[in-house]
Amino acid sequence: MKFMIPSTMMIASSIRVSAASFFRRRACSSIARSAGAHNARLVGSGTPTTSSSTLMELRLRGDGDDVTPSSKDFSSSPEYVKLANPAPGSPFHYAFPVHSLDAAKQFYGDVLGCAQGRSSEKWQDYSLHGHQIVCHWVGNEYRCVDYYNPVDGDEVPVPHAGLALTVGEFHALAERVKKAGVHFIIEPHLRFKGMPGEQWTMFFKDPSGNNLEFKAMTKVENLFAKYNVVD
């Protein structure tokens, strides 16, 4: 049996590879330690990091509004609180005109129970079940101009906007609106009975005349059921 004796060149090459690997590991460890220290400094200075718990704490304190580490100086940012979370997925954004921000605040904030977000002297935004709606003041004379279209025996005002709720949420909102004395354009009722699109619906206006519809499918999965409806 023959044994191979490593040559001097092979031994030297092996030593070089091992040394290079050792120094690479040392360098990576040093970089990781530096990054950790940097993140600690960011948290201490009030600049947000990607840590979810730290981010929530910073937002509640008003120390930051970005989700990634940044060199931006937040020391002059206004303090704020977060009163609502975004809806899962892709929350929609809807902006519309109003004639009075005070009236809009009373309606969307108090009657509908929407949490308020940012605001200025000319606009204010709200969370409608985690979706962003924004009231823009356009003048004291504004009122929505209505058009009408028949839907299952009702004269539906157009334009309108709203949400598809669960059946339980629908009836709770209907009761809340009734107690607030809001006038229904179309009373809460069930339409398309026995059809794939069977749903609860109601229509009412905000103080500026903007039309709102809230509905609830009796079968949630049928919201986009495709078939021809005969009026």
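User: Which residue just after α3 takes a positive phi?

Analyst: This is a predicted model. Just after α3, the residue with a positive phi is Gly113, at about 75 degrees.

User: What happens at the start of α3?

Analyst: Look at Ser100 there. One of its side-chain oxygens comes to within 3.4 Å of the backbone nitrogen of Asp102.

User: Which residues of helix α3 are buried?

Analyst: Start with the general idea. An α-helix makes a turn every 3.6 residues, so residues three or four places apart point the same way. Now the case here. Helix α3 spans residues 101-111, and its buried residues are Leu101, Ala104, Phe107, Tyr108 and Val111. They lie on the same side of α3, because their arc around the axis is only 160 degrees.

User: Which exposed residues sit on the face of α3 turned away from the buried side?

Analyst: That face carries Asp102 and Asp110.

User: What covers the buried residues of α3?

Analyst: The cover includes strands and a helix: β1, β3, β4, α4, β9 and β10.

User: Take Val134 in β4. Is Val134 buried or exposed?

Analyst: Buried means under 20% relative accessible area. Val134 has 5%, so it is buried. Beyond its neighbours within four places in sequence, Val134 contacts several residues, among them Tyr94, Phe96 and Trp123. Val98 is 36 residues from Val134 in sequence, and their C-alpha atoms are 9.7 Å apart.

User: Which residues make the nonpolar surface patch?

Analyst: Val145, Tyr147 and Val158 make a patch of about 300 Å². Val158 belongs to strand β6, residues 154-158. Its relative accessibility is 34%, so Val158 counts as partly exposed.

Conventions
Residues numbered from 1 in each chain as written. Predicted model: local features only at pLDDT ≥ 70, side-chain atom pairs only at ≥ 80, totals over all residues. Heavy atoms only, no water. Buried < 20%, exposed > 50% of the residue type's maximum accessible area, 1.4 Å probe, protein only. Helix = DSSP H or I, 4+ residues; strand = E, 2+ residues; numbered from the N terminus. Arc of directions from axis to C-beta. Contact = heavy atoms within 4.5 Å. Polar contact = N/O pair within 3.5 Å; in protein donor to acceptor, adjacent residues only side chain to side chain. Patch = residues over 30% accessible without salt bridge, like charges linked within 9 Å, V, L, I, M, F, W, Y side chains within 5 Å. Areas by Shrake-Rupley, 256 points an atom, 1.4 Å probe, with all protein chains shown as cover. Salt bridge = Lys/Arg side-chain N within 4 Å of Asp/Glu carboxyl O.
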